[in-house]
Each structure stands twice: as C-alpha cells, then as structure tokens.
Amino acid sequence: MSKPLKQIHLAAHFPGVNNTTVWSAPEAGSHIEFSSFAHFARTAERAKFDFLFLAEGLRLREQGGRIYDLDVVGRPDTFTVLTALAAVTEHLGLTGTINSTFNEPYEVARQFASLDHLSGGRAAWNVVTSWDAFTGQNFRRGGFLPQEERYTRAKEFLATAHELFDSWRGDEVIADQETGAFLRDAKAGAFVHQGDQFDISGQFNVPRSPQGRPVIFQAGASDEGREFAASSADAIFSRYSKLEEGQAFYQDVKGRLARYGRRHDQLLILPAATFVLGDTDAEARELAHEVRSQQVSGATALKYLEHVWNRDLSAYDPDGPLPDVDPVPGENTIALGRASVRQFRDPLAVAKEWRERAEAKNLSIRELVIETTTRQSFIGSPATVAETINEFVQADASDGFILVPHITPGGLDVFADTVVPLLQERGVFRTEYEGTTLRDHLGLDHPDAEAPAGRASS
C-alpha cells in the first residue's frame with residue numbers, strides 16, 4: 001500500500017537583516033516603504049502560501065564600529081509592518097520574530113493577541129533568543145546571556161505568555177446594552193506568575209483572540225533549541241539543505257515529541273530555502289553564481305574571515321590569497337556573542353582546512369567565503385525546483401519550506417507564477433484556502449486553555 005501524498009506547506013520570508021537580499025540590483029525595491037511589503041504579501045497570498053515571515057533585527061550589524069556594507073539598514077518595526085499587512089490581506093498568516101531575551105512577556109503577549117484579533121486569527125510568533133553582546137548593549141541590562149541562561153529565560157517567557165493568553169476563556173465580553181454589563185466575569189484576565197525569571201500579577205487586558213494563542217515558531221538547531229521546539233512550538237525552522245541532513249533533523253526533532261505527549265503532526269519542520277530559477281537548469285546555475293557574487297562583496301568577505309582569524313584583516317586584498325598569519329584564539333573575540341563563535345570553536349583547525357581548500361582550488365579570500373557560506377537551496381528550472389521540493393517533503397526531510405528570494409519585493413513573483421502551479425498539478429499544494437486562520441492553513445489544533453485564570457506557577 002503506497003504512502004499517501006503529504007501536502008506541502010509554503011511560506012515567504014521578506015529578507016533584510018543580513019546580506020541575503022541583493023538590494024543593489026536594478027529590479028530591487030525599497031525595504032522601508034510599505035508598498036514593498038504589500039506587494040510581497042499579496043504575491044504570497046495569490047500563490048496560496050501559508051504565511052509571510054519577518055525577521056527582526058534589534059541592532060545594526062557592525063564590526064569595528066562600521067556597519068556591514070551589504071546589510072539593509074532602517075527596516076521598520078516587525079509588529080507595525082505585520083499589523084499594516086493584516087489590512088491588505090485576507091488569508092495569509094503573519095509571522096514575526098520577537099526576541100525573548102530583551103522583551104517582557106506581558107508586552108509581547110498583548111501585542112500578539114492584538115495582532116491575532118486585528119488579522120482575524122492569522123498571527124504567529126517566532127520565539128528567539130539573543131546570544132549577542134552588541135544587541136545587549138542597546139538595552140538597559142547590557143551584555144548578553146550565556147546559551148543555557150537564554151533558553152531558561154525563553155522557556156519561562158513562553159510559559160508566562162501562555163498563561164496570559166489563557167487568562168481569558170473567550171466568553172467574558174457580553175456588552176449587554178440593556179443591563180449595562182460589559183463583562184460576564186469581572187476577574188477576566190486575572191493572572192499570577194511567580195518564577196525564577198518573572199514575578200508578575202494583574203489582569204491581562206486583551207480578550208482571548210480567534211486562535212486562542214498565536215502559532216508558535218522556534219528557530220534553533222542546537223540540542224536546547226530542538227528540545228524547546230519539541231516541548232512548546234508548533235513549527236521549527238531548520239537550516240539543512242541536503243536531503244539526508246534534513247531527514248536526520250526531521251527524525252530527531254519529531255522523535256522528541258512523545259516525551260511531551262505530543263503527536264508527530266503537532267510540530268512542523270519548515271527549513272528556510274533560497275532559490276534561483278532559470279528557463280533551464282544550466283541557466284539557473286549560471287545565475288546562481290552571479291547572485292552569490294553580489295551577496296558577498298570584498299568587504300563582506302574580509303569581515304567574515306575576521307570572525308575566524310580574530311584580528312583586523314582590512315589590509316588584505318579580498319581577491320588575493322588567505323592570510324599567512326594564524327588566527328588569534330581566546331575568549332576576547334571580534335565576534336563576541338555571535339553565532340560564529342560557536343560555529344568556529346577551533347579557529348586554528350578551521351583556518352587550516354580553509355587554506356588547504358583555497359590552495360587546492362586556487363581560491364581567493366572572496367571566492368573561499370562564497371564557497372563556504374550558504375549557497376542557494378534550490379537551483380534549476382521551475383520543473384526541477386518543484387520536483388526537488390516535493391521530493392524533500394515526501395521523503396520526510398521537511399513538511400515544507402520558507403522561501404527567501406534574493407530580490408524584494410518582486411523576487412517571489414516568478415516562483416508563484418511558475419513553480420506553484422506545478423506543485424498544484426501534482427496534487428501536493430492547495431489551490432484555494434480552506435480555512436480562515438493560520439492554524440487552519442497549517443493543520444494545527446486550536447488550543448484549549450490549559451489552566452484556569454490566575455494560576456500561579458513556580
């Protein structure tokens with residue numbers, strides 16, 4: 001008996017907090033004007049995507065006091081953009097990355113409950129932590145949290161937010177004009193939370209929203225991140241672009257669900273995926289190489305190399321050979337608090353490997369960085385990309401993909417016009433929306449309140 005075809009989930013990520021987007025291309029538009037976000041969202045909705053996703057940058061990425069040369073600077077606040085997009089879309093889910101390290105549960109819960117109301121049940125929260133000393137300096141506590149502490153805070157942050165969402169049952173507002181009673185229960189929204197990270201009490205002032213709670217996303221490939229997703233998230237982003245790696249990640253994370261009493265279909269695996277399309281596979285490969293060259297300038301390559309070498313490399317020619325000096329090991333790194341510190345735990349070994357690769361292939365600094373940093377996930381004709389996406393999903397390497405075009409706002413159009421119809425012809429992607437909320441689109445259960453209002457937690 002053949003296995004039934006899985007339905008593919010697709011989402012669209014508006015890039016702009018790193019050098020993924022090629023903003024210098026003639027066809028690129030603004031990353032600040034609302035018309036760009038509206039165009040992008042309408043394209044995603046026209047293609048029947050599940051949701052739009054916005055990342056959040058709480059700082060400008062800089063090194064040595066200078067902003068990265070290819071980064072987009074000045075993108076508006078995530079909540080503001082998503083709320084505005086709710087007014088120009090009807091079905092598309094609206095997902096925002098909001099940091100649990102530098103925010104407070106009451107404020108974030110209030111914002112997401114409001115977004116869910118205003119959008120008619122389409123809000124989602126990508127819960128992230130920050131391991132970044134530079135971001136911490138923008139906030140009153142300063143510094144940054146070690147990895148184990150940031151996940152401790154994140155878990156209690158999310159649990160506290162859930163208590164706030166669940167402090168309303170959903171039937172309290174009666175607005176009886178004859179009796180003059182607005183609420184059925186004067187204690188609606190009452191909560192008490194006493195924990196190691198948060199000690200708060202009061203009454204939550206946003207009634208229960210259409211979804212009960214926003215859909216919860218989590219992005220993190222570490223063991224702590226996987227466990228956090230298995231216990232608390234509705235979907236997890238992954239970064240694996242190879243089939244075998246995706247299958248291993250999928251099996252590992254889904255295998256953790258049972259210990260929390262959860263089913264396999266209660267957590268979706270949705271990797272971020274870049275793409276380059278061409279009329280033929282060969283044309284797409286050529287275009288992909290051009291895109292990568294635009295995404296990694298000489299200055300970007302040198303800054304990236306400094307994360308490993310931990311020394312100023314500005315005097316080196318990015319089109320020349322790798323430095324002949326060794327990296328400077330130690331805790332006081334140029335990239336303090338950045339993910340690259342964990343990625344390159346042994347800089348001397350990384351430098352040795354890169355030198356050997358550069359010598360074998362006669363690569364310059366810039367060429368090496370292009371080769372060693374992330375390439376496009378899907379490269380080919382529309383037929384090739386549609387087939388590859390379907391292969392990943394049917395082989396349980398993912399449940400779908402969050403697509404990241406390199407051109408905004410129009411970079412999603414070609415995918416919507418050429419790849420989506422092929423997936424629909426295969427019977428693996430919707431032709432119309434069947435529900436009204438994001439939970440409907442993703443096939444997720446509607447959460448019931450798990451605890452009575454006013455529950456104390458320790």
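Q: Where does pLDDT stay under 50, and how many contacts beyond four places in sequence does the model have there?

A: Residues 449-458, with 21 such contacts. pLDDT is the predictor's confidence in each residue, from 0 to 100, and contact means heavy atoms within 4.5 Å. Where pLDDT is low, the predicted coordinates should not be read in detail. The chain's mean pLDDT is 89, and 91% of its residues reach 70 or more.

Q: What ground rules apply?

A: This is a predicted model, so local features need pLDDT of at least 70 and side-chain atom pairs 80 or more, while totals for chains, interfaces and linings use all residues. Residues are numbered from 1 along each chain as its sequence is written, and side-chain values use heavy atoms, leaving out hydrogens and water.

Q: How do I read burial, say for threonine 97?

A: Buried means under 20% relative accessible area, exposed over 50%, partly exposed in between (1.4 Å probe, protein chains only). Threonine 97 has 7% relative accessibility, so it counts as buried. Its contacts beyond four places in sequence include Phe53, Asn126 and Val128. An unreviewed UniProt entry lists Thr97 under "binding site", along with Tyr151 and Ser222; such annotations may be inferred rather than shown by experiment.

Q: And what about charge at aspartate 116?

A: A salt bridge puts a side-chain nitrogen of Lys or Arg within 4 Å of a carboxyl oxygen of Asp or Glu. Aspartate 116, in helix H3 (residues 105-119), is buried but has no salt bridge. Arginine 439, the nearest side chain of opposite charge, is 7.1 Å away.

How values were computed: Helix = DSSP H or I, 4+ residues; strand = E, 2+ residues; numbered from the N terminus. Lys, Arg positive; Asp, Glu negative; His and termini not counted.
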